[in-house]
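Visitor: Please take one part of this model and go through it closely. Then connect that part to the rest of the chain.

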Amino acid sequence: MQAAARWRRLVRARLAEMEQLSPGRGAVGGAYWNEKGRARRFSAALDATAEKDPLFARLRQASGRRSTVVDVGAGTGRFSLALAPRVREVVAVDPSRAMLGMLRKTARQRGVDNVRSLESTWQDAPLGPADGVPQADVIFCSYVLPLIADAGAFVAKMDASCCGRAFVYMNAWSTEALTEPFWRHFHGSPRRPAPTYLDLQAILQDIGVRPEVEIVEVATRARFDTLAAAVKAYREVLVLPDSAEVRAELRRLLRPWLVEDAGALRPPLRSTPAAIVSWAAGSAR
Ligand SMILES: C[S@@+](CC[C@H](N)C(=O)[O-])C[C@H]1O[C@@H](n2cnc3c(N)ncnc32)[C@H](O)[C@@H]1O
């Protein structure tokens, strides 16, 4: 289980780094996503992107009208809500009350009534084999895993809770590679690296799963109406304090770096690669 141990080491070191730079930030569970305005901003930026996202096409292929689907770390539910009209039921699991609140609000607005939200971490969700709940036909987890220290148990529970196909979606090349020079500029040393989809592949292989890995291009979604909005966003990405000096320095660095596109500012790459890691569930040892 070397791969799981390596993953745990990487995640813990990274969370400790964040905690040191900004106390409280290392606890990036539901609490972070409950902070004021975060769920609303996330929903506004991402909810409309699901139908065009490569993962959505794979989820559609794997599911049908009679399928039950579990969305692990559903957030504001961009995939749950897009999939719901095509399947029997979606169970959206997330520990953040604010994120699930946005999900339910959007569901009401769209007249979607077959998404059940479950406020819990995946680790504690009563959806495992011991809970007497029928296994899902499809299970997926999008942009959650790199913050989970015990990824081995997390994906093993996904595997055990499903009788069809399981999917994990994550960056294949970190967008942080782009901002790394800024990180070093402010913090004086490279950022602690996050685990990658290759580490996930190794973890799955260690538990007897032979995953398929597909690399897809995902459009860059960050768009800023003003330089000030970009400064605010990158101050957070780079875990920097909110001081006049930091804001001025970020303005100086970001002005020539951001690209003007249809009246907004965006980072220099139009798209970044992501990995869809999938397997026939029930195959873990
Ligand atoms: C970056 S968002 C991704 C949301 C959604 N999957 C998407 O792709 O739009 C990460 C989400 O993971 C959730 N999360 C954090 N820790 C979790 C855990 N242990 N189990 C399940 N979800 C978790 C957060 O509350 C947050 O909503």
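Guide: Start with the naming: helices (H or I, at least four residues) and strands (E, at least two) are DSSP runs, numbered from the N terminus. On that scheme, Lys105 belongs to helix α6. This is a predicted model, in which local features need pLDDT of at least 70, side-chain atom pairs count only at pLDDT 80 or more, and totals for chains, interfaces and linings use all residues. Residues are numbered from 1 along each chain as its sequence is written, and side-chain values use heavy atoms, with hydrogens and water left out.

How open is Lys105? Its relative accessibility is 41%, so Lys105 is classed as partly exposed. The classes are buried (under 20% relative accessible area), exposed (over 50%) and partly exposed in between, with a 1.4 Å probe and protein chains only. The areas come from the Shrake-Rupley method with a 1.4 Å probe, and for residues only the protein chains shown count as cover.

A patch of positive charge on the surface gathers Lys36, Arg40, Arg41, Arg104, Lys105, Arg108 and Lys232. Two elements give it two or more residues each: α3 (38–46) and α6 (97–110). The largest share, three residues, comes from α6. A patch takes residues with over 30% relative accessible area and no salt bridge; like charges are joined within 9 Å, nonpolar side chains (Val, Leu, Ile, Met, Phe, Trp, Tyr) within 5 Å. Lys and Arg count as positive, Asp and Glu as negative, while His and the chain ends are not counted. Each charge is placed at NZ of Lys, CZ of Arg, CG of Asp or CD of Glu.

Now follow the chain on from α6. The loop between α6 and β3 holds Asp113. Asp113 counts as exposed, at 74% relative accessibility.

Glu89 and Arg116 join their side chains in a salt bridge, at 3.1 Å from N to O. Glu89 sits in strand β2 (residues 89–94) and Arg116 in strand β3 (residues 115–119), 27 residues apart, and the pair links distant parts of the chain. A salt bridge here is a side-chain nitrogen of Lys or Arg within 4 Å of a carboxyl oxygen of Asp or Glu. Both ends are partly exposed: Glu89 has a relative accessible area of 25%, and Arg116 one of 39%. The rule gives 16 salt bridges in total.

Asp261 is in strand β7 (residues 259–261), while Arg223 is in the loop between β6 (212–219) and α10 (227–237); the two are 38 residues apart, another link between distant parts of the chain. Asp261 is buried, at 18% relative accessible area, whereas Arg223 is partly exposed at 41%. Arg270 also meets Asp261 in a salt bridge, at 3.5 Å from N to O. Arg270 is exposed, with a relative accessible area of 58%. Shared partners tie Arg223, Asp261, Arg266 and Arg270 into one network of salt bridges.

Two backbone angles deserve a look. Most residues other than glycine have a negative phi. Ala262 is not a glycine, yet its phi is positive, about 50°. Ala262 lies in the loop between β7 and β8 (264–266). Ala262 is exposed, at 82% relative accessible area. Val239 also has a positive phi, near 50°. Val239 lies in the loop between α10 and α11. Val239 is buried, with a relative accessible area of 4%.

Helix α11 (residues 244–257) contains Glu249. Glu249 counts as partly exposed at 21% relative accessibility. The C-alpha atoms of Glu249 and Ala45 are separated by 26 Å, and the two residues are 204 apart along the chain.

Finally, the whole protein. It has 11 helices and nine strands. Its radius of gyration is 19 Å, close to the 19 Å the globule rule gives for 285 residues, so the protein is as compact as a globular protein of that length. That radius is taken over C-alpha atoms, and the rule is 2.2 Å times the number of residues to the power 0.38. Along the principal axes, the C-alpha atoms fill a box of roughly 55 × 45 × 30 Å. Of the 285 residues, 48% are buried.
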